[in-house]
Amino acid sequence: MTNEQMTNEQISTRSRQARVERKTEETEVLVALDLDGSGQYQVDTGVGFLDHMLAHVAVHGLFDLTVRASGDLHVDPHHTVEDVALALGEAFDQALGDRAGLVRIGSAYVPMDESLAFVAVDLSGRPYGVTEMTWAGSTVGGLPVTLIPHFFESFAVTARANVHARVLYGRDDHHKAEALFKALARALDAATRPDPRRGGEVPSTKGTL
């Protein structure tokens, strides 16, 4: 076995798991993540539509994911959605470690009936979020639609990633949101995979991410 093969085997078998607890006066969030899972999930945020979207992230990204959150929902869902996104991003950052040997960049188009969404992710270490999405109504599944781009942008910050998310077209807001989260899952699945050709090197001309 060559040194390169040994390095790649070490990457593929290394534990890429994280546990993040975030507690403020507004919310309390627990996220447990295994990047090399099989799509198992247990999600309970108190926001049903958010639970549904996070389930898609786990199933379509093949991540094992636990999310438990309690927050000031008597005010509105804003703090809960924001803090879940921040904790989830932090979990990805933690699980990725120094990001050596990764594919690093991934993207996905996902259709959902009449809707089509696109998400591109670069695990660059530089947080930046860009969202382009329009909605037919002010809420979807009881969730204010303004919190969907906010989720993606908040996730990008703590994941230390470039995340570009776009709804290309669609009529049904549920379909558009579901396509977005499925596309996020597929893009993350691609970007977080070990690259067997990289030999454990950091995927950057800088030598660090």
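Let's start in the middle. The largest nonpolar core has 59 residues, and Val119, Ile148, Phe151, Phe152 and Leu180 touch the most other members. Keep in mind that this is a predicted model. As background, nonpolar side chains in soluble globular proteins tend to be buried together.

Take Val119 from that group. Val119 sits in strand S6. How accessible is Val119, buried or exposed? Val119 counts as buried, because its relative accessibility is 0%. Now its contacts, leaving out residues up to four places away in sequence. Val119 touches Gly106, Ser107 and Ala108, among others. Its list also includes Phe152, Val163, His164 and Ala165. Leu180, Ala183, Leu184 and Ala187 are on the list too. One distance for orientation: Val119 and His56 are 63 residues apart in sequence, and their C-alpha atoms are 14 Å apart in space.

Next, Phe152. Again I leave aside neighbours within four places in sequence. Phe152 is in contact with Val119, Thr131 and Val163, among others. Ala165, Leu180, Phe181 and Leu184 are also contacts of Phe152.

Now the strands. S5 covers residues 105-112. S6 covers residues 115-122. The two pair antiparallel over eight bridges. They form a hairpin with two residues between them. Asp113 is in that turn, with a positive phi of about 55°.

In a regular strand, side chains alternate between the two faces of the sheet. S5 shows an alternating pattern. Which side chains of S5 are buried? Gly106, Ala108, Val110 and Met112 point to one face and are buried.

Tyr169 comes from strand S10, residues 162-169.

There is another hairpin, built from S1 and S2, with three residues between the strands. S1 is residues 17-23, S2 is residues 27-34, and they run antiparallel, joined by seven bridges. Arg22 stands opposite Val29 in S2.

Ser15 is in the loop between helix H1, residues 3-13, and S1. Ser15 counts as exposed because its relative accessibility is 54% and the cut-off is over 50%. Ser15 and Thr27 are 12 residues apart in sequence, yet 29 Å apart in space, C-alpha to C-alpha.

On to charges. Side chains of opposite charge can pair when their charged atoms come close. How many salt bridges does a search of the whole structure find? It finds 13.

One is Arg99 with Asp93, where the closest N and O atoms are 2.7 Å apart. Both of these residues are buried.

Another is Asp189 with Arg186, at 3.2 Å between the closest N and O atoms. Both lie in helix H5, residues 173-191. They are three residues apart, about one turn of the helix. Asp189 has a relative accessible area of 8%, so Asp189 is buried. Arg186, at 34%, counts as partly exposed.

Asp195 counts as buried, because its relative accessibility is 9% and the cut-off is under 20%. Salt bridges also link up: those that share partners join Asp93, Arg99 and Arg160 into one network.

That brings me to Arg160 and its backbone. Arg160 has a positive phi of about 50°, although it is not a glycine. Where does Arg160 lie? Arg160 is in the loop between helix H4, residues 147-159, and S10. Arg160 counts as partly exposed, at 26% relative accessibility.

Leu62 is another residue to check in the backbone. Leu62 is not a glycine, but has a positive phi of about 55°. Leu62 is in the loop between helix H2, residues 48-61, and strand S4, residues 64-71. Its relative accessible area is 40%, so Leu62 is partly exposed.

To close, back to the core: Val119 and Phe152 are among the residues that touch the most other members.

Notes: Residues numbered from 1 in each chain as written. Predicted model: local features only at pLDDT ≥ 70, side-chain atom pairs only at ≥ 80, totals over all residues. Heavy atoms only, no water. Pairing = 2+ DSSP bridges. Helix = DSSP H or I, 4+ residues; strand = E, 2+ residues; numbered from the N terminus. Buried < 20%, exposed > 50% of the residue type's maximum accessible area, 1.4 Å probe, protein only. Core = buried A, V, L, I, M, F, W, Y, C linked by side-chain atoms within 4.5 Å. Contact = heavy atoms within 4.5 Å. Salt bridge = Lys/Arg side-chain N within 4 Å of Asp/Glu carboxyl O.
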